[in-house]
Every structure is written in structure tokens, then in C-alpha cells.
2 protein chains.
Amino acid sequence: MASQSDIDAHLQAVAALKAQEASQRYDHAALTAMTADEARANTIFTNMRDAERESQWEKEGDLASFAGMDFYGARKNGLGSPSDVWNAVRRMPKGALLHCHFDGTVDTSFLLEHAKKTPGMAMKADRALTKDSLWSATVEFLVLPESEDRSNVSIWSEEYAPGSWVSFEAARESFPYPHPYELDQGSSHAHMPAYMELSKPAAQPNGTSAPGSSSKGDAFDAYVHSLMTLTPHEAVPAITNSKQAWSKFQSTFGVIAGLIGYEPTLKAYTKELVLSHARDGISYTEARINFLTEFMVRSDGTPTLTHEDWVRIFIEAVTEAKAELGEGVFVDAKIIYTTVRFIDNDKLRWYLEDCISLKKLFPEWIVGFDLVGHEDPLLPLKHYIPELLRFQHRCAEEGISIPFVFHAGETLTDGGDADLNLYDAILLNTRRIGHGVSLARHPTLTDLVKEKDICVEICPISNQVLGYTASICSHPSLLALLNRNVPVALSSDDPSIFENFGLSYDFYQLVISSKSTSLVSLAALARRSIRYALVDDEAKQRMVEDWDKRWKKFVGWFLKEYGHLARQ
Amino acid sequence: MASQSDIDAHLQAVAALKAQEASQRYDHAALTAMTADEARANTIFTNMRDAERESQWEKEGDLASFAGMDFYGARKNGLGSPSDVWNAVRRMPKGALLHCHFDGTVDTSFLLEHAKKTPGMAMKADRALTKDSLWSATVEFLVLPESEDRSNVSIWSEEYAPGSWVSFEAARESFPYPHPYELDQGSSHAHMPAYMELSKPAAQPNGTSAPGSSSKGDAFDAYVHSLMTLTPHEAVPAITNSKQAWSKFQSTFGVIAGLIGYEPTLKAYTKELVLSHARDGISYTEARINFLTEFMVRSDGTPTLTHEDWVRIFIEAVTEAKAELGEGVFVDAKIIYTTVRFIDNDKLRWYLEDCISLKKLFPEWIVGFDLVGHEDPLLPLKHYIPELLRFQHRCAEEGISIPFVFHAGETLTDGGDADLNLYDAILLNTRRIGHGVSLARHPTLTDLVKEKDICVEICPISNQVLGYTASICSHPSLLALLNRNVPVALSSDDPSIFENFGLSYDFYQLVISSKSTSLVSLAALARRSIRYALVDDEAKQRMVEDWDKRWKKFVGWFLKEYGHLARQ
């Protein structure tokens, strides 16, 4: 046996080293300044989390699940069902959601409910939707003017002429195939896997779907749901890598486009975006809107709705949502203008000028610019340098500020173009980095990002579902950046497509998988996210004050609910 | 359009930032000191690698494979079959293999060949090996003295009494089930998946297996092969996470134990370890031997072979292998004494004293001490502090040096005991860290490891197969540590179980997946590995000189073979 003093010296050295490392973390300031209530809540929460790890995720003999496991596996294992940790995470104030794509945010069932209420809604496919082609065909929706002809041939029959429009309602009522999610369950009672039921918005959209509902209709809805999400089920091939995930992911946007791109739906969807985020404790959302399509469909079915109209609708919807939530709660949403990184430089100039025009019309609402799309195969930022630099001059000329907030480093390839996008983004003075999956392996860039106070919008569930990491536990950058106190804001990316609505799922996955993350750590993350919102300091100050109030209220609720669990 | 000078300024800034970051890398010194030949070879290799990425891994429209993908998927896609990059990687000098487990190193077919030649070899199972239990039963082998009874009841019949020993030969010749790998192929001609054929050692062990071979025997061999490896096939459930992988992984050692733990096999196996590594360009191996079992089986079948005998056999085998390879080639192998991290402190003291005794008997051969096993569920280093500190005093007392070379951080759980093992290992002055999967997320520890010149033995394929990362591309520490010039030595861990024999597979996966890695990068890694061998400086100097000679010869061969590909 070693002498006790040797042992003590070792234990002290370990404790000192841990403390030295912990002092660099993002949550250090918050943990050292806790009120007595916060400290009590934090301890109770950590015990609760450890207990939930043991009872739900790390059960003796259960080889199938583990804390922080892949999202769909986790949903099957109960993630999102009421549990102590889930309830607390769901209820806590989340701060700002800085990275989500507008058309991938609100539950797809909301779009389906609206489609059912839209008489002009039509549907087409690139081939007859027979049993064999059902899952491989390209399906699209669009609201057509009443005057426009629909085919009367069933889209489900061999006689269907590829590309011809049919009535949505008729197609829905005549869906001839089994409910796709029933295949998984082997039970006619289960309309959807249990974990999908939970993804429905807490408040249903207005309007009743009951009259039109039917078992054929339900099966159709589940089919279209499946076309708009990455949720796995028996009828579609399992996704095992990033390329397959992106292939499916990209296809979902084409399905969503025609359902969302209709004036009344657009407005309702935007309102629901704000309301559903408010329900999840999110105060503020910066939605990346993809303005690639020049026109959407007006209420009367004509495809002439401009970008300007769209922003106006967005503003109206946000204003109405705020009014509905009342004075007591701070909520807001802004727009990051985006287009897709496959266009050429000439076309990019058109979009950049369009962005400038919108900014001048709606200076409070257009807060940034980004290029989106699958980074690996698409064009790198370096391809667009001339136009992006010109844009900076143009903004200066116009006396406006539209900061870049670029996606960069969402890739598996070390040293590939998508990885190298990080250098260009940083040197183009990006204000935040979207994803930055590969950032932590770059020591100089990591230090520079911290020095320049650039926030990294990490989307843990998105990164896992899209094949950049097997689970949040092995994410190449998340914990490495957090422990270095590089600014990180957890984000949901495309929650309607992955079904990680709001921020609760991403927060939960972090805190359940990481024993060094506590309730106060999550709070520090949430509070700090506000700092990186693209609004002025006064607006941020208001948001922080509101957040502090919410947090205090939350701690009170938490102690009331769980205070009895405190160990004496 | 921005002005050309703005564009140039941006491009220069990007180039400067890249150069700044690259100057910190492990390969920087080597890349800046290249001879003309090395520079030529490096350029040709990079072009060759990029071409092979495109033609084999990133083919347009191929969604199934990608460069650096999971190991078994990669094998199916041709990894290990002759290709330009494979040929070069296979042939290059690899330096030292610092992390492999003795009983998980040599191709399992070698053990099977030896079992067939061992008349006393017996087999048992914990239940009758019927069609239903074949893949879930626990199967063991052991050489028994001739005098000991074997049961005559077939191990494949319901009548078999669980736990009774039967003749290996009789069991093999009467294997009643289909060849398990034929199930995968749907063809009676395919005895094993093509990629498994390639895993056979380049030189077959002595002795002929032909006379005893038969289609039943082949099927039996494939069955036992499957019990000793993680190679996926139809008959066994797919492994989808780390817990499942470890469950299967641990079971393989119990199967291997009885085949390997027999004096003549042990000697032949050790010799083959050195020879097969030499064939792969590895100069030096530090094998972690698990001394948990106190006795193995002597040539006459008695189970009385001691640890001392074992080390003596190891020395004889290595000496014979060296003699066989001749004076011209430097090769060597040493032993890291290990036991398993589930024993109590009293038992640990026994092993530590055993380790000291062996060190005193064989001072040149026992070079370090480690604790092995699944870090997450087993005991953390902190549990063993008293005995580990005492060991350091005991070594000082005895005037010997047995450095620690601890496994640490082979885990998914941030802040869990296995993650925290890193603190204890470093403060116990570990000379290297086994795995360190979670290291890069610890900024203070990362800096400290670099400062203390501790080498991290990263095992990319092992980490992927055992569920710590989806692929080498998203490894949480590999590239982050390399880019920070923290010492890293690529290692194979348990290549007989994963079938990533030698170091070629791990080297290939790195260079094919990382565009910032070149031939000279791999060479820098290989050369540097020698620096962390646990031998004296003079021995290292000899190894480095030998490596330099091999490398020069390799570059000559490479340019002769591929020089015509140089772009003008």
C-alpha cells in the first residue's frame, strides 16, 4: 500500500487538474455564481439525470440503448415521453434558436392539415404511383387556380400520365395502399409509431380535419408525412450513411415546397413557427429562408407572390403571434436571407441585390445572408469570393449591414472543399458558423473563432441523422468547442424533417449523454445564445432580461416540483 | 464584381491562415525537409489517392460507399484488394506498432490450422450446439492430456451434456450446418466473403491442412472463425452500437483462449506475430499480454505452464523469427504486462509483484504495465491508486523501471469514469495513452499530453468497429490531435478479431479519407512512432536508422513503379 500522503497528493493533483480544465468551460462563470436556489436545483437535477440514465438508457443487460444514442433509436426508447429530465428540459427557457431552415421547421402534419383545407391543392408525380414506384417516385404538390384543369385519372393507377396534376383531395380519399407505419407495428390500431404521436404540435392548427378523415386518408397522410421526413420505417430502405441521408433529405424539400408555398399556409406556418417555439421555451428564432424560388402562390392560386410579399407575410405572422402571446412574454423572429450553393456568380449577384433590396425595405427583419445546401458536392465559398466581396462593398455603399452567417465545415472529408469553407467563412467575417462539424480539428481556426467571438451553431441531432456522427457522444466538435469556451449555440436545423422539434430534444441528448453537463450548463448555453442574435445591443439586453426572469421562474417551478428529491 | 486587389487580398489571407495552421501539424517538419525524390513521390501519391477516392469510394451515384467508411463496408467495397494506394501503403515501412493485444493479433485461421494438428485439442459448449443455439452458446477449446476422457456424444446433438469435452477433430468432421459465410453469398462456390480471403496471412503456417479438409471441416472452420471475429455475416445479429460490439468482442477472447494457450501453438503464434508484422512493414511491436490466467497448457497437455515459461517462449519465438528474417532487417517485439480492470486491489498487488518478478528475470522484455478491459463498466484507475502508487515505490526499491502505458478515455460518456481515467493516467505518469478517444475534448489534458510528450495510441478501425465513431472521418480525437501535433501512433488493437491485420488498413483509411494527409504524412507518423517505443535511446536510434533506410528504398521502389504517373 502506498502511504496515505502519496494517495492524498495524487487525489489533490487530479482535483486541481479537473478544476483547471473546468475553469475554461462555458458554464464556469454560471456555476461559480449560482444562487442558493440554483445550486439546489442543479444538484437535484444532476441526481435526477443520473437516475434517468440508469433507469432508461443504461439499464443492466439492455444492449440496444444508451444515453445519447441515435435520435430515432432514442425516440423508440422513449425520448420525448414524459420523464423527469424531459419535463424539466422541455420547460426551461432555451434562449435563441439561431439555426433553423424555415421550410424545415414546423411539424409537417401542420402542412397536411392546411392542404386538406385548400380546395385548389393539387398533386403530381413523375410516374404512376403504383405499389412498386410509391417510394421511389418524385411527388409534388401545388395550389392551382380553379380554372386550371386536373386530370381525372387516378394517380395510383397505371393509366396515370406522368406529370399531370390531380386533385389532392381525390388522391387522398382514394389512397389504395396500407398505412405505411402500420407495417412497422404489425397492428391495425397503431397509426403511427408511438414516438411519432408525440411529435404532433401541442396545439393543433385551427380547422377541423375530422370530417375529411378516413382510414384511407390517414394512410395517405402517413405516406406524405414519410415523404417529408427522415423518420425511418419498414417501407423505405434504411439510411446508413451521410450520402443516403442527404439524398432522402433533399427530396423532402421538393415535397414540402408546394404545400408551404401558398399565401395563407405560409402565413399560418410562420405564425405556428413562432408559437411552437414559444411553447418550447424559445424566445427568439432566426429562420434561414431559402429565396431560391422567385415566386410562390397567392391566395387566388396565381403563382405571383414575390419575395417582398413573402417578407411582408412573415412580418404580419410574427406580429400576430406576438400579439396572441401577449405582452408578458418576449418572443421574436427574424430572417436570414439564403440561396443555394449551386447557382453561378451572375445569379448570386441577383440574389445578393435582392437581399439588399429587402433589407432596405425591411431593415429590422433581414438580419443576415447565407448560402445553403449539401456542402460536399456543391460549390465552395471560394467559388463565390468576387461576388461576396462585392456584396460587402455594396452594403457599405448603401449604408446597411447584412452580416454573413455561413454554413461551413458540415462535412466528413478532412481537407476537402467543405472543410476549407471554414477558412473562407472566417476571413469573410462570418458572424456565426453554421454546423462547423469539422471545426475542432483545426487548432488555429478554433482559437480564431473564439478570439473573434464567432458563434458556432451546432445541430447535434441533425449532424447525427445526416450521418456526420454516430451519436451526440462522439460528435467531432461539440464537446471540444464547449470545453474550450468557443461560443456554441445548440440548434435544430430542420426539425420538421428530423422531428426534433424545438430545442428540447437537442438539449436532452446533450444533458443525458454528458455527465459533465448540468442544468446550469444548459442554462448558460441558452442564455449565451442570445448574445449571438443578429439584433442590436438594446434588443439583446431586453431578451436577456426576459430570459433571466423566465429562468428564475423556472427554478422556482423546478424546486416546487422536485425539491422533495433533495438529499439531506 | 469586387476589385482584383480585394480578391487577391482575401486569397492571400486564406493561404496565410492555412499555412499558419499547417505549420503546427505533425507532418510539417517532414514536408518542409523533403528530398526531391520524396517530393516527387508525394505529389504522385496524392494524385493517385485523389483518383482512387473518385474511382473507388466517391463514385458518382454510388450512395453506399465513401472514403473512410466503416471498415466492414470498406472491405466489401474492395479495401485490401490490390490498388495503387493499397499497394503503396502496404509496402511502406510502418515503424512501431505500439498498441495491440497479443491474443487478438495473429489471423485466427492460424490458430485453426494449429488446432487441426493438435491431437489433444478438445471442445465444449455450455449447451448442445443445435441450429437454434449455435450462435448464442458459449464455446470453448482446450488441449487435454491424452489420459483425460472425452465424451463420445456429438456436441451437435440434443443429447450432448453441457460442459462435457469432445474431440475437436470429431466435432469438426461432423459439423452438420451450412457454411455460415455461404449464407451471405447465396452461392456454394463462395466459401468466405471475398474480402475475408484477403485476410489470410501471406505465408501460411507450416503443416498441411489439405488432408483433413472437407466441406464439413471448412464450414466448421468458418463457424469458429466467426466466433473469434467481429466480421459480420447473415447468421449473427447486426451490431449497431458499442455495447453490442463489446458483448461480442469479449466473447471472442474466451474462444481464442483455449486455442492459443498451448505451448507449441503459443510459440508458433508469437513467431507468426513477428513475421506477419514484418510482412506488413512493421519493425517493432509492443504486445500487451493479458496475464490474468495463471497457467496455460504444456506440450504434454498438463495445465502448468507459468507466466515465466510464457515469457521464455515469447523470447525464443521472437529470437527465432529474427533469425529467420536475417541480419538485414531490423525487427523486434516486447511485452507490456497487463491484467484486467475487474480484479480487486489485493489481486492487483499479486499481478504487480508478478510483473516485477518477470521484469527482474527478463529486464529487456517486460517494458510496461497496463490494465485492460471495457473501460465503461469496469473499475476506473482511481479505484487502484493505492496499489499503483505502491508499485511505483516498489519499482524504485528494486531499481527497475516499468512505466505505465494505460488505456484511458476509450468511451462515449463525457465526464464518466472512463473519461476521467485520462486525469489519473496522466498524473500517474503514463508514458502513452491507449485510445484516448475522448482526449481531444479536454483542452487542458490535450496541452498537458503534448507538453509531457505522451503518445496517444489511436486505433481508428478498432474505435469504429467497437462503436466509438461511425467512421475514421468523424473520430472525436484523431485529426484534432494530429493537427495540434500531439504525439499519435496509429495502432491496430485487436487485428485478428477485427481483421485489420498489421497497420496497412488503418494507414489506408486515414490517407484515403483525409485530403490533408499525404504519403509523407504517413511516413512522418510511422517514423515518429519509434520515438515512443519503451526501449532505450540507443535501440530507438538503431530503429530509426533502419526505418530511414527502408523509407529510402521504398521511395525508390515507388518512383520506379509509379514515376511515369508524374505530371509534367
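**Arg441(B) and its partner**

I looked up Arg441(B) to begin with; at 6% relative accessibility it counts as buried. The model is predicted. I then checked what Arg441(B) pairs with, and found a salt bridge to Asp414(B), with the closest N and O atoms 3.7 Å apart. The two residues sit in distant parts of the chain: Asp414(B) is in the loop between β8 (405–408) and α16 of chain B, Arg441(B) is in the loop between β9 (432–435) and α17 of chain B, and 27 residues separate them. Asp414(B) is buried too, because its relative accessible area is 1%, under the 20% cut-off.

**Two further salt bridges in chain B**

I noted one between the side chains of Asp417(B) and Lys382(B), at 3.3 Å from N to O. Asp417(B) belongs to helix α16 of chain B and Lys382(B) to the loop between β7 (366–372) and α15 of chain B, so this pair ties together parts 35 residues apart in sequence. I looked up accessibility for both: Asp417(B) is partly exposed at 35%, and Lys382(B) is partly exposed at 45%.

Next I took Asp548(B), which forms a salt bridge with Arg527(B); the closest N and O atoms are 2.7 Å apart. Here the pair joins two helices, α23 (residues 537–562) of chain B, which holds Asp548(B), and α22 (residues 519–531) of chain B, which holds Arg527(B), so parts 21 residues apart in sequence are tied together. Asp548(B) has a relative accessible area of 30% and is partly exposed. Arg527(B) is also partly exposed, with 38%.

**A network in chain A**

In chain A I found a network of salt bridges that links Glu353(A), Lys360(A), Arg390(A), Arg394(A), Glu397(A) and Glu398(A).

I turned to the interface. Chain B and chain A bury about 5,700 Å² between them, and 60% of that lies on carbon and sulfur atoms. Which three residues supply more of the area that chain B buries against chain A than any other three? They are Glu21(B), Lys243(B) and Asp414(B), with 12%. Asp414(B) is the residue I had already listed as the partner of Arg441(B).

I counted 63 residues from chain B and 63 residues from chain A in the contact. There are 40 residue pairs in polar contact between the chains, both residues at pLDDT 80 or more. Several helices of chain B each supply at least two residues to the side that touches chain A, among them α3 (36–57), α11 (242–260) and α15 (385–398). The most comes from α1(B), with nine residues. By type, I found that side of chain B to hold 28 nonpolar, 20 polar and 15 charged residues.

Two salt bridges cross the interface. I noted one of them, Glu58(B) with Lys243(A), where the closest N and O atoms are 3.1 Å apart.

**Aromatic pairs**

I ran the search for aromatic pairs over all chains and got 76. I picked out Phe175(B) and Phe220(B), an edge-to-face pair at 6.0 Å centre to centre with 80° between the planes. Phe175(B) is in the loop between α7 (168–173) and α8 (180–185) of chain B, Phe220(B) is in helix α10 (residues 215–228) of chain B, and they are 45 residues apart.

Notes: Residues are numbered from 1 along each chain as its sequence is written. Chains are lettered from A and ligands numbered from 1 in the order in which they are written. This is a predicted model: local features need pLDDT of at least 70, side-chain atom pairs count only at pLDDT 80 or more; totals for chains, interfaces and linings use all residues. Side-chain values use heavy atoms; hydrogens and water are left out. Contact means heavy atoms within 4.5 Å. Buried area is the accessible area (1.4 Å probe) that two parts lose on being put together, summed over both. A salt bridge is a side-chain nitrogen of Lys or Arg within 4 Å of a carboxyl oxygen of Asp or Glu. A polar contact is a pair of N or O atoms within 3.5 Å; within protein, one must be able to donate a hydrogen and the other to accept it, and residues adjacent in sequence count only if both atoms are side-chain atoms. Helices (H or I, at least four residues) and strands (E, at least two) are DSSP runs, numbered from the N terminus. Ala, Val, Leu, Ile, Met, Phe, Trp, Tyr, Cys and Pro count as nonpolar, Asp, Glu, Lys and Arg as charged, and the others, Gly among them, as polar. Rings of Phe, Tyr and Trp (its six-membered ring) pair if their centres lie within 6.5 Å; planes under 30 degrees apart count as stacked, over 60 as edge-to-face and the rest as tilted. Buried means under 20% relative accessible area, exposed over 50%, partly exposed in between (1.4 Å probe, protein chains only).
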